[in-house]
Amino acid sequence: MDRDQMNPIRDQPPNLRSMNPLCYQFMAEDALLGMGMQQQQLPSASIRHMDWSPDTMLGNLTFIEEKIRQVKDVIHAMAGRSSATQGELAAQQQQQLVNADLTCLIVQLISTAGSLLPSLKNSSFLSGAPPAAGTGQAVSLAGESSSSVRNGVSKEGDMGSPDYEELFKGWTNGAMEECIGGGGVIAGEEQDAMLDAFGVDGETPLPPPPESYQVLQLEEDEILAPHTHFCSICGKGFKRDANLRMHMRGHGDEYKSAAALAKPPPSADAGEEQERRYSCPFAGCKRNRLHKSFLPLKTILCVKNHYKRSHCEKRHTCGRCGAKKFSVMADLKTHEKHCGRNRWLCSCGTSFSRKDKLFAHVALFQGHTPALPPPPTSTATQAADDPATTARASAPSSGHQQEPAGAASFMWGTSSCHGDDAFLDVKDIGGGDGDGFFSAANLGSIDFGFGHLDAFAVDHSLAMLLPSEQFTNAQESEER
Amino acid sequence: MATPTQHHKRRRLSPLLHDLADELLFVILDRVAADDPRALKSFALASRACHAAEARHRRLLRAFRADLLPAALARYSAVSRLDLSLCPRVTDAALAALSTAPSVSAVDLSRSRGFGAAGLAALVAACPNLTDLDLSNGLDFTDAGAAEVAKARRLQRLSLSRCKQLTDMGLGCIAVGCPDLRELSLKWCIGVTHMGLDLLALKCKKLKILDLSYTMEEKIAVQIVKNCFPAIMKLQNLEVLILVGCNGIDDDALTSLDQECSKSLQVLDMSNSYNVTHVGVLSVVNAMPNLLELNLSYCCPVTPSMSSSFKMIHKLQTLKLDGCQFMADGLKSIGKSCVSLRELSLSKCSGVTDTDLSFAVSRLKNLLKLDITCCRKITDVSLAAITSSCPSLISLRMESCSLVSSVGLQLIGKRCSHLEELDLTDNDLDDEGLKALSGCRKLSSLKIGICLRISDEGLSHISKSCSDLREIDLYRCGGISDEGVTHIAQGCPMLESINLSYCTKLTDHSLRSLSKCIKLNTLEIRGCPMVSSAGLSEIATGCRLLSKLDIKKCFEINDLGMIFLSQFSHSLRQINLSYCSVSDIGLISLSSICGLQNMTIVHLAGVTPNGLIAALMVCGLRKVKLHEAFKSMVPLHMVKVVEARGCVFQWINKPYQVALQPCDLWKQQSQDLLVQ
């Protein structure tokens with residue numbers, strides 16, 4: 001709850017959020033799948049400055065901060081252990097780990113800074129040369145980046161670990177081509193670091209799983225990283241490489257060719273590879289490979305969604321009902337489509353989009369009952385209740401009750417004209433066959449009631465104008 | 001009251017009463033009340049002890065004003081039934097003010113408006129032992145209200161007739177919340193669909209009586225009939241199922257019932273379900289062999305095969321085929337197949353002939369009630385057969401059997417001496433026939449309106465022998481005069497209802513003699529121009545239970561009569577004042593009658609809009625009929641105020657017509673209309 005309030009973007013109404021382009025990074029990939037041309041819809045030059053959002057930036061910086069802290073911890077540990085005699089191999093591994101983390105940091109930093117740029121075309125901030133002049137450089141850079149790591153991997157396949165390569169294949173399977181940083185940044189040593197991060201130990205055969213697939217495990221950082229594709233020129237991060245390709249068009253005409261815009265062909269040896277399955281890094285989770293009855297996840301996307309749904313806080317609250325919380329943005333979007341509309345509630349709190357489903361549910365479970373949505377006029381009924389209690393409190397003294405404030409339109413009709421009948425009714429109320437209580441006095445009081453029709457007759461004045469004996473009689477009978 | 005002196009005083013006042021056990025006292029009070037309902041009032045006013053005893057004895061509380069309920073409930077602690085039908089408006093606040101009343105088990109809100117879910121919640125909370133609840137005509141009743149009603153877990157009988165806003169959600173709440181429900185009326189609940197009914201059938205297994213009339217209209221009923229009809233039919237304890245006007249039920253739905261229908265069903269009413277044919281009836285008959293009563297009025301033509309299929313229902317006692325067309329020999333086969341029949345209703349049937357009816361009744365020896373209203377083809381032959389083969393008839397209704405002669409009608413009195421209810425309206429009855437009827441000593445209801453040939457002499461025969469007569473209808477019997485009415489009034493002290501409309505010869509003398517019938521509650525003297533306020537004052541002072549009064553076109557009745565009514569007739573519920581000489585004063589004095597519900601005030605020359613609205617402001621009417629001309633004369637905001645208090649306005653636009661037609665001319669004209 002508290003954290004929700006701290007994060008302003010979640011408090012925005014949904015429609016506003018969907019208008020803000022930057023918010024797309026809070027959406028899961030599957031939500032974006034259907035909008036491959038998302039980047040196209042944004043006139044990049046004119047709206048670029050609007051891309052900048054403090055919340056996003058804050059999130060990115062927090063991520064970077066945490067990462068730095070982690071690296072610091074590792075280095076601290078290394079410094080502490082340097083005195084002690086250690087295996088050469090372990091020290092090297094740690095070094096690789098630090099390198100990998102630093103690479104990740106740099107990439108994130110560039111991506112964050114890239115989104116800061118108001119417009120790439122108008123500033124020579126990053127490249128140091130106007131894009132028109134520096135096309136050649138850009139081409140060379142982009143060539144590396146667009147050829148992607150996969151080329152590098154396939155080239156370096158023998159020297160790097162096969163797992164790393166497989167991992168990337170898996171990411172392509174997940175319709176989400178990983179492209180960390182510019183191609184030039186990633187070096188062979190970094191690959192080793194990645195290898196560690198992804199847990200090569202996973203190779204050891206697990207107790208139950210069939211040998212038909214390999215199990216890989218991503219770390220939390222990778223799962224939660226906001227971007228996976230980065231522009232090699234400006235460093236801007238993207239979730240999907242299609243978006244990156246669209247973005248690249250802004251860097252020069254050479255990126256606009258059909259070849260550059262085409263989806264990179266799947267690697268030839270994809271079919272021969274063993275199938276990949278993924279493990280959740282959360283210890284004790286059923287999707288964790290160490291779990292007794294391990295159930296692997298099929299794709300990276302599944303990992304991401306599973307991890308967010310199961311092990312992350314549900315940060316996205318539905319603005320309409322305020323009750324439902326989600327950790328995956330797409331889930332919230334799906335919910336909001338139906339929230340408030342066609343809500344069929346059960347007393348147990350379960351809600352259904354269809355009435356027949358609700359009734360089937362109610363029929364199935366003992367004691368469950370259809371629940372009505374809270375009435376919009378709940379305050380009105382409360383208001384009607386309160387005067388009722390006050391009227392009851394004042395009733396013994398004044399001799400008859402007032403109508404509630406909510407019924408003011410007919411209040412004077414009743415209280416002024418029927419004021420005297422009230423006393424008579426106390427006696428007559430039972431049989432309705434009373435006699436002897438009607439007299440000229442009664443008729444007279446009717447005239448009175450009508451005479452004061454326009455002015456509200458106050459209870460006490462009415463009581464005083466009544467024939468005194470009748471009034472006392474009535475009070476007596478009421479007391480009895 | 002706790003002080004010793006007061007206690008002593010109380011003992012001194014009524015030592016006998018104090019020693020009497022409450023049970024014995026209550027038996028005495030019951031007997032006294034049966035004799036004269038007003039006696040309890042006098043008893044309660046005799047002393048404090050009597051007052052307390054009467055308060056303990058009272059079981060039914062019929063309130064005039066809902067806001068005084070807390071005081072009334074505090075006094076009458078043993079009340080079990082709370083009837084609010086005289087309160088046109090019951091507000092949420094009035095119900096919220098109720099303190100806990102564990103003795104109350106039945107509440108009637110059927111004619112009240114103005115309360116919502118909050119009020120119902122308070123009511124249910126205040127009455128933990130509520131078993132009966134009548135919320136009929138609750139046009140404002142919503143699902144939220146139903147959800148509150150569902151909290152009354154002991155509810156056994158619930159009526160939601162005409163709660164048109166109720167949907168499946170509300171019904172679902174009730175079905176889950178009230179598992180003990182035995183009787184439920186969902187008549188005209190057009191918002192309910194198969195899902196709610198399905199859930200009801202699943203959750204309320206104890207249902208005995210279920211009324212689903214008019215819920216299954218043709219267009220929307222496909223789902224209901226297909227999905228939940230079988231489920232309802234399978235309810236194990238269902239005894240009465242009423243499906244009036246369910247056009248959605250057709251032969252397909254009924255044929256699917258075959259073997260899976262509850263065997264407990266005893267009464268089935270499918271009148272006005274015109275999509276049912278003999279095929280569907282056949283499957284009903286096959287599926288429900290234990291039926292006692294079957295109502296197929298206005299459904300389908302009766303064929304011989306259909307009638308003969310009734311023999312599958314061995315125990316059938318009541319068969320209603322009103323408005324059906326009888327095919328050749330259809331009626332004969334009923335005679336063959338339904339031997340155990342006690343009640344047969346053939347009113348407005350076409351194709352009922354002498355031969356068929358004679359044959360049928362000759363086989364139906366157990367027949368107790370027969371309705372052959374408007375069977376215009378039958379003659380004395382049928383009547384001879386009826387009277388000879390069914391001498392034990394209790395009820396015979398044969399209005400407008402125009403071919404039956406006066407000689408034939410004499411047979412009724414001669415042979416059917418057990419008759420309690422007889423309707424001979426618009427027949428050729430004469431004094432001889434009435435003389436013969438004097439043999440029916442148990443007669444309690446006699447309707448002989450539009451029998452122009454009867455006279456005072458005939459009525460004297462009736463009055464001499466039928467001392468049990470409760471209801472007599474002498475509508476447009478132009479031949480009778482004060483003498484005849486006096487005979488009736490003297491001979492029938494139990495008389496509760498009399499209709500003397502358009503008996504133009506009557507004067508105040510008739511009313512004076514009728515005022516001796518202290519049980520009289522309904523008096524219709526419409527179109528008796530010689531009756532005046534003097535006569536009405538006699539009625540007002542004599543007949544204190546008068547609740548329904550029609551004095552339309554009694555031109556002589558003026559404000560004086562109204563003042564007498566307002567002073568003495570505190571039971572008055574309904575009055576028709578049209579064409580009277582009543583002015584504002586009369587109206588305003590009338591409005592002091594608390595329980596007055598309905599008022600018809602059309603063509604009253606002496607009434608001004610101001611006087612009218614003054615009267616309406618004072619009395620808590622439920623319905624008032626006014627001439628349309630008043631609509632523009634009465635201030636709109638006044639109308640709104642009166643409406644807000646629960647009153648419904650009905651604007652009449654009829655021409656002013658003073659002249660009274662002689663009865664014979666009127667009858668001739670109406671017959672001419674019929675021929676056309």
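## Contacts and composition of chain B

Among contacts in chain B between residues at least 6 apart in sequence, 74% join residues at least 24 apart. The model described here is predicted. Buried residues account for 58% of the 676 residues in chain B. Its secondary structure comprises 30 helices and 24 strands.

Pro37(B) and Lys519(B) are separated by 482 residues in sequence, while their C-alpha atoms are 9.4 Å apart in space. Pro37(B) belongs to the loop between helix 3 (22–35) and helix 4 (39–44) of chain B. With a relative accessibility of 37%, Pro37(B) counts as partly exposed, because this class lies between the limits of 20% and 50%.

## The nonpolar cores

The largest nonpolar core contains 203 residues, and Leu160(B) and Leu514(B) touch the most other members. Helix 27 (residues 609–618) of chain B supplies the largest share of this core, namely six residues. A second, separate core has ten residues, among them Leu216(A), Ile223(A), Cys285(A) and Val303(A).

The surroundings of Leu160(B) can be listed in detail. Leaving out residues up to four places away in sequence, Leu160(B) touches Leu135(B), Phe141(B), Leu166(B), Ile174(B), Leu184(B), Ser185(B), Leu186(B), Lys187(B) and Cys189(B).

## A buried glutamate

Glu148(B) is part of helix 9 (residues 143–149) of chain B. Is this residue buried or exposed? Its relative accessibility is 18%, so Glu148(B) counts as buried, the limit for this class being under 20%. When neighbours within four places in sequence are set aside, Glu148(B) is in contact with Ala117(B), Leu120(B), Ala121(B) and Val124(B).

## Helices 18 and 19 of chain B

Helix 18 (residues 380–389) of chain B has several buried residues: Ser382(B), Leu383(B), Ala385(B), Ile386(B), Thr387(B) and Ser389(B). What covers them includes helix 17 (354–363), strand 13 (369–371) and helix 19 (406–415) of chain B.

Two packed helices are described by the angle between their axes and the distance between the axes. The axes of helix 18 and helix 19 of chain B come within 9 Å and cross at roughly 5°. This angle makes helix 18 of chain B roughly parallel to helix 19 of chain B, because angles under 35 degrees are classed in this way. On the side of helix 18 of chain B, the residues that meet helix 19 are Asp380(B), Leu383(B), Ala384(B), Thr387(B) and Ser388(B). Their counterparts in helix 19 of chain B are Gly408(B), Leu409(B), Leu411(B), Ile412(B) and Arg415(B). By class, this contact between helix 18 and helix 19 of chain B has five nonpolar, three polar and two charged residues.

## Helices 24 and 25 of chain B

Helix 24 (residues 533–542) and helix 25 (residues 559–568) of chain B pack with their axes 8 Å apart, at an angle of about 5°. Helix 24 of chain B is therefore roughly parallel to helix 25 of chain B. Helix 24 of chain B contributes Ser533(B), Leu536(B), Ser537(B), Ala540(B) and Thr541(B) to the contact. From helix 25 of chain B come Leu560(B), Gly561(B), Met562(B), Phe564(B), Leu565(B) and Phe568(B).

## Helix 14 of chain B

The buried residues of helix 14 (residues 278–287) of chain B are Gly280(B), Val281(B), Ser283(B), Val284(B), Val285(B) and Ala287(B). They pack against helix 13 (251–255), strand 9 (267–269) and helix 15 (304–309) of chain B.

## Strands of chain A

In chain A, strand 1 (residues 213–217) and strand 4 pair in the parallel sense over five bridges. Strand 4 (residues 275–279) of chain A is mostly covered, as four of its five residues are buried.

An open sheet of chain A has three strands in the order 8-7-9, with antiparallel pairing. Strand 8 (351–352) and strand 9 (370–371) of chain A are at the edges with a single partner strand each, so one side of each has no neighbour in the sheet. Strand 7 (residues 344–346) and strand 9 of chain A form an antiparallel pair over two bridges. Leu345(A) stands opposite Ala371(A) in strand 9 of chain A.

Notes
Residues are numbered from 1 along each chain as its sequence is written. Chains are lettered from A and ligands numbered from 1 in the order in which they are written. This is a predicted model: local features need pLDDT of at least 70, side-chain atom pairs count only at pLDDT 80 or more; totals for chains, interfaces and linings use all residues. Side-chain values use heavy atoms; hydrogens and water are left out. Two strands pair if DSSP finds at least two bridges between them. A nonpolar core is a set of buried Ala, Val, Leu, Ile, Met, Phe, Trp, Tyr and Cys residues joined through side-chain atoms within 4.5 Å. Buried means under 20% relative accessible area, exposed over 50%, partly exposed in between (1.4 Å probe, protein chains only). Contact means heavy atoms within 4.5 Å. Axes are lines fitted to C-alpha atoms, for helices over the stretch in contact, and angles run from 0 to 180 degrees between N-to-C directions. Angles under 35 degrees count as roughly parallel, over 145 as roughly antiparallel, 65 to 115 as roughly perpendicular and the rest as oblique. Ala, Val, Leu, Ile, Met, Phe, Trp, Tyr, Cys and Pro count as nonpolar, Asp, Glu, Lys and Arg as charged, and the others, Gly among them, as polar.
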